[in-house]
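Reader: I am new to this structure. Can you walk me through how to read its features, one at a time?

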Amino acid sequence: RARRESRGKVSSNILWNYGHTTVPRHHRDVYVTEYGVAATRGCSDRDIVDRLLHVADADFHPELLESAKRAGKIDADYKMADDAGNNRPEVIAAVFDKHRQYFPPYPLGTALTPDEVSLAEALTWLQRETATTGGKLRRAAHALFASVEERHAGPLERMGLAKPENFGQRIMRGMLTEALTRTQQ
């Protein structure tokens with residue numbers, strides 16, 4: 001992936017400088033992100049920067065480009081191609097959503113039950129939404145008023161939250177119910 005999200009903060013996986021490792025020039029061959037492939041073997045620093053920018057997330061283009069210009073790796077008047085602005089998660093999601101029938105969640109099959117598939121989506125959503133303290137508080141507040149729908153009985157049973165035994169489990173059931181509702185729309 002060209003971007004990462006950790007604790008509610010989004011950052012680029014395409015980095016100008018990464019101090020924990022050194023990669024010799026002759027090992028810089030190919031970089032692959034959801035936005036394309038950058039073949040860099042035998043390229044000059046300028047061409048490498050150009051190619052990596054075109055597979056980086058568009059939100060990070062300005063800062064990556066500015067770093068490269070400051071270091072003298074790319075011309076000060078360099079301009080990116082117009083289509084590189086489409087390197088955004090929502091653009092990729094729109095393509096996959098439009099053709100959902102051709103892109104099932106597990107194209108090679110899965111041993112997961114339908115309930116487990118819906119739980120995987122819901123728990124991913126919940127993890128993203130509760131990455132910050134504010135997010136946790138919002139989701140917990142919503143959980144207090146969440147109503148349990150019959151269609152969520154299977155996943156809640158699978159998680160052991162069908163009959164909560166204490167306040168904490170009631171909150172977790174409410175949070176999971178909201179996540180299931182949001183991801184099954």
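Reader: Leaving aside neighbours within four places in sequence, which residues is H152 in contact with?

Author: This is a predicted model. With neighbours within four places in sequence left aside, H152 is in contact with T177, L180, T181 and Q184.

Reader: Where does H152 lie? And is H152 buried or exposed?

Author: H152 is in the loop between α5 and α6 (153-158). Its relative accessible area is 0%, so H152 is buried.

Reader: Let me try another loop. Where does P164 lie, and which residues does P164 contact?

Author: P164 belongs to the loop between α6 and α7. Setting aside neighbours within four places in sequence, P164 touches Q169, R170 and R173. The relative accessible area of P164 is 24%, so P164 counts as partly exposed. Buried would need under 20%.

Reader: How far apart in space are P164 and D50?

Author: They are 55 Å apart, C-alpha to C-alpha. In sequence, 114 residues separate P164 from D50.

Reader: Now a helix. Why might residues three or four places apart point the same way?

Author: An α-helix has 3.6 residues a turn, so residues at that spacing point the same way. Now take α5. Its buried residues are G135, R139 and A143. Seen down the axis of α5, these buried residues fall within an arc of 75°, so they line one face of the helix.

Reader: What do the buried residues of α5 pack against? And which exposed residues sit on the face turned away?

Author: The buried residues of α5 pack against α4 and α7 (167-183). The face turned away from the buried side carries the exposed residues T133 and L137.

Reader: What span should the 12 residues of α5 have?

Author: At 1.5 Å a residue, α5 should span 16 Å. The end C-alpha atoms of α5 are 17 Å apart, which agrees.

Reader: On to charges. How many salt bridges does the structure hold?

Author: There are 12 salt bridges. Look for a side-chain nitrogen of Lys or Arg within 4 Å of a carboxyl oxygen of Asp or Glu. Start with R139, which forms a salt bridge with E129. Their closest N and O atoms are 3.2 Å apart. R139 lies in helix α5 (residues 133-144) and E129 in helix α4, so the pair ties together parts 10 residues apart in sequence.

Reader: Are R139 and E129 buried or partly exposed?

Author: R139 is buried, with a relative accessible area of 5%. E129 is partly exposed, at 28%. Elsewhere, salt bridges that share partners join R3, D57, D59 and R88 into one network.

Reader: What are the N to O distances for R3 with D57 and with D59?

Author: For R3 and D57, the closest N and O atoms are 3.0 Å apart. R3 lies in strand β1 (residues 3-6) and D57 in the loop between α1 (45-53) and α2 (61-70), so this bridge ties together parts 54 residues apart in sequence. For R3 and D59, the N to O distance is 2.4 Å. That pair also links distant parts of the chain, with D59 in the loop between α1 and α2, 56 residues from R3.

Reader: How accessible are D57 and D59?

Author: D57 is buried, with a relative accessible area of 0%. D59 is partly exposed, at 39%.

Reader: Last, the surface. Which residues form a nonpolar patch?

Author: V95, F96, Y102 and F103 form the patch. Together they have about 400 Å² of accessible area. F103 sits in the loop between α3 (89-98) and α4 (114-129). At 33% relative accessibility, F103 is partly exposed.

Notes. Residues numbered from 1 in each chain as written. Predicted model: local features only at pLDDT ≥ 70, side-chain atom pairs only at ≥ 80, totals over all residues. Heavy atoms only, no water. Patch = residues over 30% accessible without salt bridge, like charges linked within 9 Å, V, L, I, M, F, W, Y side chains within 5 Å. Areas by Shrake-Rupley, 256 points an atom, 1.4 Å probe, with all protein chains shown as cover. Helix = DSSP H or I, 4+ residues; strand = E, 2+ residues; numbered from the N terminus. Buried < 20%, exposed > 50% of the residue type's maximum accessible area, 1.4 Å probe, protein only. Expected span 1.5 Å × (residues − 1). Arc of directions from axis to C-beta. Contact = heavy atoms within 4.5 Å.
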